[in-house]
Amino acid sequence: MTNMKSLWRDRRFWQIAGQLLAVFLAVAIVTILWGNLNRNLQQLGIQFGFDFLKQQASFDIGETLITYKPTDTYSRALWVGLVNSLRIAVTGIFLTTIVGISAGIARLSDNWLVRNIALVYVEIFRNTPLLLQLLFWYFAVFLGFPKVESKISLWGLVYLSQNGIQFPWFTLSPEFSALLLGLTFYTGAFIAEIVRGGIQSVPKGQWEAARSLGLKPGLVMRLVIFPQALRVIIPPLTSQYLNLTKNSSLAIAIGYPDIYFVASTTFNQTGRAVEVILLIMLTYLTLSLTISIVMNLFNRTVQIKER
Amino acid sequence: MTNPQLLWLRKNLFSTWYNSLLTIVCLIFLFWVAKGILTWVTTQAQWAVVTVNLRLFLLGRFPQSLYWRVWIVLAIASTLGAITWGVFSSKRNLTKSGLAIFSLIIGILLIVFPLDLTSRGYLLLIAVLLLISFLLGKRFTKLIAPWLSFIWILSFPIIFWLIGGGFGLQSVPTNLWNGLLLTLLMAAVSIVLSFPIGVLLALGRTSSLPVVQWFSILYIEIIRGLPLIGILFLAQVMLPLFLPVDLRLDRVVRAITGLVLFSAAYMAENVRGGLQAISRGQIEAAKALGFNSLFVVILIVLPQALRAVIPAIVGQFIGLFKDTSLLSLVGLVELTGIARSILAQPQFIGRYAEVYLFIGLIYWVFCYSMSLASRKLEKQLSS
């Protein structure tokens with residue numbers, strides 16, 4: 001009896017019992033869900049498996065970087081989508097970093113106009129949904145441009161038309177341009193606040209010390225303040241890069257054929273919900289993990305070196 | 001140079017040669033933008049698409065004969081909101097400028113918005129209600145404060161009853177809950193539901209029990225690695241497959257499930273930040289007083305942790321509010337969804353800019369007020 005009572009009061013006992021219960025519950029839930037899934041799929045007459053990837057996709061993809069024709073397989077189509085996703089993610093991350101850092105520094109400018117224009121930019125873009133911004137860029141801006149015959153010329157270098165942005169040596173489709181601009185300006189507004197916070201976290205004394213060494217303001221920022229601010233900036237910056245990559249899936253709203261778009265078309269044609277979801281999960285988890293690892297390596301280089 | 005205006009100009013705009021250059025570039029840019037906007041607004045934009053469809057934007061296909069129920073919901077929500085605002089700003093008095101801005105906004109809403117006479121009457125009534133409840137909240141802070149969260153929670157079923165009907169009221173199926181109404185409902189429900197789940201996940205992740213910790217980490221990291229649209233797809237398409245054959249979930253319920261699953265993972269990370277900010281001494285002191293672990297968490301750790309992460313949590317709420325727009329991609333007719341269907345009306349084809357700017361303004365007003373409120377609350381709690 002006393003044994004029982006001490007067991008009742010023992011914290012270790014409760015901890016182990018609680019965890020066993022948690023495992024048991026999790027296993028039970030997964031089993032039930034799995035059973036339901038099998039029953040439902042059976043009723044729909046679908047068998048789980050990735051064989052469908054070898055079938056002919058028979059849909060066209062508007063924009064491809066690698067060769068693709070509708071007679072290719074679903075796996076080829078998904079591959080095209082992945083390449084398109086990577087393209088938007090890489091260019092987006094590059095551009096948004098420039099926009100974000102510029103706007104963040106502008107938020108701290110001595111110049112009242114610069115400061116407030118940056119503030120208005122941040123408040124507008126941060127407080128409206130990204131999807132809405134993408135729709136606006138695509139339908140109101142790019143589709144509102146004149147037809148290709150009467151394209152708008154910007155200093156004879158860049159041309160704007162319904163066919164997208166035309167540079168002397170390459171052209172960006174309206175879908176890609178709208179997605180790129182939307183993601184860049186939206187994420188840039190968040191990065192601006194992160195950069196501002198990071199710079200403000202550097203003690204005032206650092207500015208004064210650097211100035212007293214005779215450094216010009218631009219150099220003070222570049223050599224003294226920014227490297228220190230980076231320590232504060234990089235972790236949240238990483239999540240913004242991850243957000244940008246994940247948000248590129250909104251391409252589906254404006255018809256840019258990224259991985260999510262292609263996967264969703266595949267689902268519509270084959271009805272393979274489980275497999276498609278697994279592929280999407282795998283793709284995005286891999287992308288996220290890659291960005292995290294790269295940024296963490298970068299993060300290590302800017303940390304204070306201590307013993 | 002004694003003129004203060006000139007001094008200000010010189011200090012803020014023309015302090016150095018490059019600042020002067022920047023000022024000029026900015027002025028040219030502003031002029032260009034202003035000119036573009038003015039020409040567009042005065043010569044090209046046709047706002048009829050907004051004025052004609054105002055009802056649709058706000059309530060969609062909600063039956064017109066039942067609008068009074070929505071007005072009561074608005075009255076309840078604004079009364080509670082104003083009381084809460086009053087309670088939290090009890091230290092400061094109602095300023096004349098605050099009152100002036102409030103009347104100005106109400107005046108603009110009453111005069112500029114193309115509403116019918118009854119709606120204007122309701123709106124005026126709600127404005128008076130707002131003012132009274134704000135004053136009540138300020139006056140009886142001590143009396144109301146402990147009951148506040150309870151009243152809010154109690155109001156939820158009443159609001160749902162009024163909108164959805166049943167129990168003596170004519171019922172309104174969820175596919176008629178549209179427009180801004182649906183956006184607000186989805187956001188509110190998802191916020192309320194994801195908060196406790198997020199807190200539990202955060203506690204799980206910082207817990208010393210390995211199994212609980214692994215489960216939490218696994219859940220949080222998988223969800224955070226996925227795009228929201230993928231999770232909404234999962235909720236819309238996969239959820240019915242995982243549930244028993246004869247159980248059919250409503251479209252709106254599935255969407256809310258997706259939002260909550262998504263939001264809880266992010267909430268958990270925000271709360272974890274707060275939990276990490278609590279020093280061990282606090283926990284040890286509480287244990288020394290004889291509290292058991294559960295009470296330490298509820299009474300000592302969580303209040304401090306949550307207070308520390310209010311800005312992050314409000315940021316999360318703002319994000320969730322904006323994210324409801326994605327529901328239009330899985331077939332829900334919330335604010336963005338209704339914009340789509342309005343743009344499909346033959347007489348308004350191609351009026352993208354007007355419609356998107358209008359709903360953009362609505363989203364902006366809500367998000368910006370939330371961030372302003374969060375800043376105020378932060379100041380109040382830190383002082």
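These exercises work through a predicted model with chains A and B.

**Exercise 1. Describe the overall build of chain B: its secondary structure, its extent and its contacts.**

Step 1. Start with secondary structure. Chain B has 18 helices and zero strands.

Step 2. Take the extent. The C-alpha trace of chain B spans about 70 × 65 × 45 Å along its principal axes.

Step 3. Turn to burial. Chain B has 383 residues, and 42% of these count as buried.

Step 4. Look at contacts with a sequence separation of 6 or more. In chain B, 75% of them join residues 24 or more positions apart.

**Exercise 2. Characterise the surface and the charges of chain B.**

Step 1. Chain B exposes about 20700 Å². Carbon and sulfur atoms supply 73% of that area.

Step 2. Count the charged side chains. There are 28 positive and 10 negative ones in chain B.

Step 3. Locate the two sets. Their centres lie 12 Å apart.

**Exercise 3. Which residues have the most contacts inside the largest nonpolar core, and what does B:Phe57 touch?**

Step 1. The largest nonpolar core has 163 residues.

Step 2. B:Phe57, B:Phe62 and B:Ile359 have the most contacts inside this core.

Step 3. Now follow B:Phe57, setting aside residues up to four places away in sequence. Its contacts include B:Val49 and B:Val50. B:Phe57 also touches B:Gly179 and B:Leu180. Further along the chain, the partners of B:Phe57 include B:Leu335, B:Ile338, B:Ala339 and B:Ile342. B:Val355, B:Phe358 and B:Ile359 are also among them.

Step 4. B:Ile359 is a contact of B:Phe57, and both are named among the residues with the most contacts in the core.

**Exercise 4. Place A:Ala210 in chain A and explain its burial class.**

Step 1. A:Ala210 sits in helix α7 of chain A, residues 204–212.

Step 2. A:Ala210 counts as buried because its relative accessibility is 2%.

Step 3. Leave aside neighbours within four places in sequence. A:Ala210 is then in contact with A:Leu215, A:Val220 and A:Val224.

Step 4. A:Tyr260 is 50 residues from A:Ala210 in sequence, and their C-alpha atoms are 49 Å apart.

**Exercise 5. Examine the positive phi values of A:Ser58 and B:Phe167.**

Step 1. A:Ser58 is not a glycine, but its phi is positive, near 50°. B:Phe167 also has a positive phi, about 50°, without being a glycine.

Step 2. Find the loops. A:Ser58 lies between α2 (11–44) and α3 (74–106) of chain A. B:Phe167 lies between α9 (148–164) and α10 (179–206) of chain B.

Step 3. Assign accessibility. Exposed means over 50% relative accessible area. A:Ser58 has 48%, so A:Ser58 is partly exposed. B:Phe167 has 80%, so B:Phe167 is exposed.

**Exercise 6. Where are the tryptophans B:Trp214 and A:Trp169 placed, and are they buried or exposed?**

Step 1. B:Trp214 is in helix α11 of chain B, residues 210–224. A:Trp169 is in the loop between β3 (164–166) and β4 (171–172) of chain A.

Step 2. B:Trp214 is exposed because its relative accessible area is 59%. A:Trp169 has 66%, so A:Trp169 is exposed.

Step 3. A:Trp169 and A:Leu157 are twelve residues apart in sequence and 10.0 Å apart in space.

Conventions:
Residues numbered from 1 in each chain as written. Chains lettered and ligands numbered in written order. Heavy atoms only, no water. Helix = DSSP H or I, 4+ residues; strand = E, 2+ residues; numbered from the N terminus. Buried < 20%, exposed > 50% of the residue type's maximum accessible area, 1.4 Å probe, protein only. Contact = heavy atoms within 4.5 Å. Areas by Shrake-Rupley, 256 points an atom, 1.4 Å probe, with all protein chains shown as cover. Lys, Arg positive; Asp, Glu negative; His and termini not counted. Charge placed at Lys NZ, Arg CZ, Asp CG, Glu CD. Core = buried A, V, L, I, M, F, W, Y, C linked by side-chain atoms within 4.5 Å.
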